There are 2 protein chains.
Amino acid sequence: MTEFDLIARYFTRPVAPGGWVRTGVGDDCALLDIGATTIAITTDMLIEGRHFFPGTDAAAIGHKALAVNLSDLAAAGATPRCFFLALGMPRADEQWLAGFSAGLFALADRYDCVLAGGDTTRTPTLLESAPAIADTHQGAAGAAGPLTISITALGEVPRAQVRGRDGAHVGDDVWVSGSLGGAALALAVAQGEAALAAAELRACRERLDRPLPRIELGIALRGLATAAIDVSDGLLGDLGHVLSRSGVGAIVDWPAVPRSAALRAQAEDVQQRCALAGGDDYELLFTASTGSRDAVLAAAQAAGVEVSRIGRIDAATGLRVCDAAGRPIALPFAAYDHFAGGVR
Amino acid sequence: MTEFDLIARYFTRPVAPGGWVRTGVGDDCALLDIGATTIAITTDMLIEGRHFFPGTDAAAIGHKALAVNLSDLAAAGATPRCFFLALGMPRADEQWLAGFSAGLFALADRYDCVLAGGDTTRTPTLLESAPAIADTHQGAAGAAGPLTISITALGEVPRAQVRGRDGAHVGDDVWVSGSLGGAALALAVAQGEAALAAAELRACRERLDRPLPRIELGIALRGLATAAIDVSDGLLGDLGHVLSRSGVGAIVDWPAVPRSAALRAQAEDVQQRCALAGGDDYELLFTASTGSRDAVLAAAQAAGVEVSRIGRIDAATGLRVCDAAGRPIALPFAAYDHFAGGVR
C-alpha cells in the first residue's frame, strides 16, 4: 500500500457542500471559504532520521520545517499569514531550542508569517512501553524518541484566482522553477553513490537543509498557472498527481529539465534519478497555457526566480519522459513514497 | 525548565496588530479575525508511550487525538468546523488504520467536523541514524519510532462572545464540569499505586482513552463564562494558567471538587493527587460572575452535563485549596509538566 492509497482508503471522504471546505484532502493545501476570504491551509510533519539527518543544525531544522509548509502555500498562490507548531522533543535542550527558533523565525519574519499557537511534548523512548508509562508521567530520564515537528500554515488567496492540482489542460506547457535534483544529490553523496567536491556538496546540502519556498513566484503566477504543485516527492511523482487530478497526460523533455552544474557532472543515471525522482527540492511545478509564455517569464523575473519550460500536457494519459530526439526514455523509478517499502 | 518556560522563552513574541491573529501563543486556542468571522485554532500532538499506552485500541487513539483538540475548541466556546491530521506511523498497518480512522471519524461526525487535509509519514527507528538515512529513503524495514499524531482543529466563535484564559474577575465563581481524576486513577492503577474492581477500572480507562470534549457546554456558556480552559494538565495547573493570565488568585473548596464514586473510595492522598493534579480529564474549568449562577446551571442542563461550583476568584494572588472548615490544605504537587523532570 502506498502513502496515496492509504490516504485514499482511510482518510478521504466526499466534502459536503455548504461548509468551509472548498477543496480538502488530496491537494497541497486545503482551501476554506470563510466569509469573503479564502484561506489555504497545509500540514507537514518532519521526523528526525526520515526528513533530516540526526545532528542537522537546529536552525536549519527550524527553517526547513516551516519552509516545506510555506512551499505548499506557494503552490496554492497564497500569501502566508500565520502558522502553528507542534514539537515533540527528546528533552528540552536550550541550545537546540535557541537555534531552532532562530531558524524558524528568520524564515517566518521574511514572509510576515506569525506563530499563532502550538504544542510541545517530550518524546518517549522506545523502551518506555506499557508498564513504563508510569515513569514517563513522572519524567524518567533516558534516551528518547526522534525529534518530531508538525507545522500547520495558513495563507490567504484571492478567491477568483484559486488554483490546485486539477486545472491542467491539454496543450498547456509544463514549467518548473529553479533547478531540480540538488537535494537528492546531497543524499546520494551521503549514501556513497556519488562524489562531490566540498563546495558543491555544501551547495547541495543547502538545498536539502534550507530549501527556499517559492512564495513570490507562487503569488506572481496568480491567474497564470492553471495547476501547480511543489516538488517534494520528485518531479515524476508530483507531476503525476497533477495529471491524475486533471485527467490528462504529459510529455517531459528530459534535456530541458533544469539541473545544477554539479548534477550535470554526474553520470546520466544519477542525474535522472536525482532530477526526476529525487524529492526535497521544493521548486514549483506548474502548467500554463501556451499563450501565457511571455507573462509567465515576466512573472518569474519579477519574482527573481528562473523558470524552465520542460514539457507539455497531452490528451494521452500517462507520463512520458523523452530524450533530445523525442524518443521515450525507460526509467526504473518513479517518486519517493513513505510506505511503498522501496523505490517504486 | 518547564514546558511553559520553554514556550515563553523560545516561542512567544508580541502579536503585531492588524493581522489575522487576535490571541496567539498561550491560550487553549489562537483566535484569528478573518473578515467578519472569528476562528479558533488549536494544535495538539499525541505520542505513543507519552499520551497513550502502546497497544491501546486504534479506535480509541483516533478518538482521543481529535477529542483533545475539540476540547480546546470547547474551552474557547467554538463550534468545530474542520481539522487537519499529521500522522507518523512505524508502518502502514491496514487493520490499525481502519480502527484509527473509524474512531476519528465517529467523533468528527458527531460534531460535523470535516477532515480537510493532512500528512502521513513513516517514523524511523532510533537505529536509523546518519549513515542509515539512505536506507530510510529506500524504505528499509525494521522496528520503527513511536506512533505520533498531530491534529490542528478549527472552529468558529461569535466575535462578541470570545473568551480566553484572561477574563476571570475577583468575586467570580470557579466551576468545573463532570468529575475529575478518573483518567489519573486509571494511570495510578497501571502504576500499582491504587486498586480497582474490573468494572470501575473499565470506567476510568474509558475516561483516559475516550474523553468526551465538552463542546455543547462550551457553546452554551457563550456570554456566561468570563474565562475558560480545559483540564488537560490537572486542575491546579490549569486553574493556575487562568489565574496568572487574569492577574488574580483563587480559593478552591476541596470537598466541592467533583470525583467519581470509584475515586472517592480511594485514600485521601490518592483522591487529591488524581482530582487536583491528574491530567487527561478534559472537563471544562471556567469562571462566571455570581449573578450568572442560575444561567450557568441552566446552560449546563441544556448541554446535558453536570457542573460543580468549586471555588471563587480572589484578589490575593496564588491558589489555595481549603478543607471543609476553610483551612488551607498543604499539597505536595502541582500540575503535570512534560519537561519538568518530575512532578513539581
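Analyst: Two residues are in contact when they have heavy atoms within 4.5 Å of each other. The structure is a predicted model, in which local features need pLDDT of at least 70 and side-chain atom pairs count only at pLDDT 80 or more, while totals for chains, interfaces and linings use all residues. Residues are numbered from 1 along each chain as its sequence is written, chains are lettered from A and ligands numbered from 1 in the order in which they are written, and side-chain values use heavy atoms, without hydrogens or water.

The helix to begin with is α1 of chain B, which covers residues 3-10; helices (H or I, at least four residues) and strands (E, at least two) are DSSP runs, numbered from the N terminus. Within α1(B), the residues E3(B), L6(B) and Y10(B) are buried, where buried means under 20% relative accessible area, exposed over 50% and partly exposed in between (1.4 Å probe, protein chains only). The buried residues line one face of the helix, because they fall within an arc of 60° when seen down the axis of α1(B); the arc is taken from the directions that run from the helix axis to the C-beta atoms. On the side of chain A, the partners against which these buried residues pack are β4 (79-89), α3 (94-110) and β5.

The interface as a whole can now be described. In chain A, 88 residues are in contact with chain B, and 88 residues of chain B take part in return. Between them the two chains bury about 7600 Å², of which 68% lies on carbon and sulfur atoms; buried area is the accessible area (1.4 Å probe) lost by two parts on being put together, summed over both. There are 4 salt bridges across the interface of chain A and chain B, a salt bridge being a side-chain nitrogen of Lys or Arg within 4 Å of a carboxyl oxygen of Asp or Glu. A salt bridge also joins the side chains of R9(A) and E94(B), with 2.8 Å from N to O. Strand β5 (residues 114-122) of chain A contributes the most to the side of chain A that touches chain B, namely 9 residues.

Salt bridges elsewhere complete the picture, since the search of the whole structure, with the rule of a side-chain nitrogen and a carboxyl oxygen, finds 30 of them over all chains. One of these joins the side chains of K64(A) and D280(A), at 3.6 Å from N to O. This pair links distant parts of the chain, 216 residues apart: K64(A) belongs to helix α2 (residues 58-76) of chain A, and D280(A) to the loop between α10 (268-277) and β10 (284-288). Both K64(A) and D280(A) are buried.

E193(A) counts as partly exposed because its relative accessibility is 35%, and R273(A) counts as partly exposed at 33%. In chain A, a network of salt bridges links R22(A), D33(A) and R159(A).

In chain B, the side chains of D323(B) and R327(B) meet in a salt bridge at 3.3 Å, N to O. R327(B) is exposed, because its relative accessible area is 54%.
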